[in-house]
Structures are given as structure tokens and as C-alpha cells.
Amino acid sequence: MDVTSAAKALAQNTSDLTWPEMLPQRLYNLCVPNLPSGSPLQLGEDFHAHLSKHLSGEWVPKDHYYSCSGVAEILADLGLERKSLKSEIPLKKGQLTGQADLVGIDASGQPWIVEIKTTQRKHVLAPASTELFQLALYAELLGYKNPTLACLRINFSNAKVGVYHTSDEQIIPRIQHCIRKMDFAA
């Protein structure tokens, strides 16, 4: 089963676990000369691919270069060390498979798992409970006990990036209990 499907099933069966904050802990303006455009789905896929290349030092076309650089600066501002960042990480444990958008370590040695969502809607919305479960499933697949779970909501229509993150020591153990109860990672 893939992580996205497992996260949806967990969210449906566990309605009391939601993202702890409705407003972003940080909100950034993406002050860049060119913002990428296109259909929402294609834009999201293209941005993920280009950000992965940018973080590994590969060439990125101009229409994505500036936004990728801006997001890299945001990650640095959050304390994530550039050399520790790995993107598009394939994961598998038992029958559970997935691909984490971004994994890194901050200056204090704390592991982070980051989900990146792009949108062209009017607002930068809080992550859904499905995304919380998705991040917790990645933590389970990576073997992390209590990482910081983060979601970057990149809004290309208004050039804003909302950063939601939590390292709530209550959430991950509860979600891991639900994961084990539903036997996803067996």
C-alpha cells in the first residue's frame, strides 16, 4: 500500500488527530522576479522535480530557478542545513511504500520531514489531517522517533509560503499507535 492511501485511511479512522495549528508558524513572501505558472498539477510536479535538482546543485531552468532558490533560503531560515537535505526519498517497509519530499537535519541535530505542497488558490491553508498522517508514516518508514514534521504550502498565485511544523511529542506516538493497529508497516 502506498503512503498516501494509508494516510487517507488513517485520517478517516482517527478523526481526533489534526494538525495542531490552523495558522502557519511562519509566512514568507516569495520575492522573486519570475514565478512559475501552468496547470496546478503540472506546476506541482515540475516544482518538485526542479527543487530536487536545485538542492543537489544541478541546473534548473530560469522559470523555476528563483522560486527554488527562495524555498532553499526558507529551509535555511528554518535551520535546516543544506548539506543534510535529501529530496524525493523512496521509502519501503513491509508492504508500505512512499516517497518523502524532503528530509533534513537542523542545526541542533533534530531530524525534519517536510512535505511540500504547491497551490494557486487564494489562501495558504493549514495541512489536512491526511498530510499529518502522511508525514508520520514517513517518520515510521525512516525509523525516526520524534522528528519535526513540516509542511511548506507554496502559493504561486500570491507568492506566499506558509510554513507549518510540529515536534509535538504527543502526536507522533499516537499516530504510530494507529499505524501499528492498522498494520500498515508490518
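This is a predicted model: local features need pLDDT of at least 70, side-chain atom pairs count only at pLDDT 80 or more; totals for chains, interfaces and linings use all residues.
To be specific, helix H1, residues 3-13, and helix H5, residues 171-182, pack at an angle of about 105 degrees, and their axes are 11 Å apart. On the H1 side the residues are Ala9, Leu10 and Asn13, and they meet Cys178, Ile179 and Met182 in H5. Sorted by class, this contact of H1 with H5 comprises five nonpolar residues, one polar residue and no charged ones.

Turning now to the sheet, we have six strands in an open arrangement, with the order S1-S6-S5-S4-S3-S2 and mixed pairing. At the edges are S1 and strand S2, residues 86-93, each of which pairs on one side only, and the twist from one strand to the next averages 35 degrees. S2 and S3 are joined in the antiparallel sense over seven bridges, and lysine 93 has leucine 96, in S3, as its bridge partner. Helix H2 packs on this sheet, where it touches S2, S3, S4 and S5, and its direction makes about 140 degrees with that of S4.

Finally, helix H3, which lies across S1, S3, S5 and S6, runs at about 150 degrees to S5. Its 16 residues, 62-77, should span 22 Å at 1.5 Å a residue, and the end C-alpha atoms are 23 Å apart, so the two values agree. Among the buried residues of H3 are His64, Cys68, Val71 and Leu75, and the elements covering its buried residues include helix H2 as well as strands S1 and S3. Just after H3, glycine 79 adopts a positive phi of about 100 degrees.

Terms used:
Residues are numbered from 1 along each chain as its sequence is written. Side-chain values use heavy atoms; hydrogens and water are left out. Helices (H or I, at least four residues) and strands (E, at least two) are DSSP runs, numbered from the N terminus. The expected span of a helix is 1.5 Å times one less than its number of residues. Buried means under 20% relative accessible area, exposed over 50%, partly exposed in between (1.4 Å probe, protein chains only). Contact means heavy atoms within 4.5 Å. Axes are lines fitted to C-alpha atoms, for helices over the stretch in contact, and angles run from 0 to 180 degrees between N-to-C directions. Ala, Val, Leu, Ile, Met, Phe, Trp, Tyr, Cys and Pro count as nonpolar, Asp, Glu, Lys and Arg as charged, and the others, Gly among them, as polar. Two strands pair if DSSP finds at least two bridges between them.
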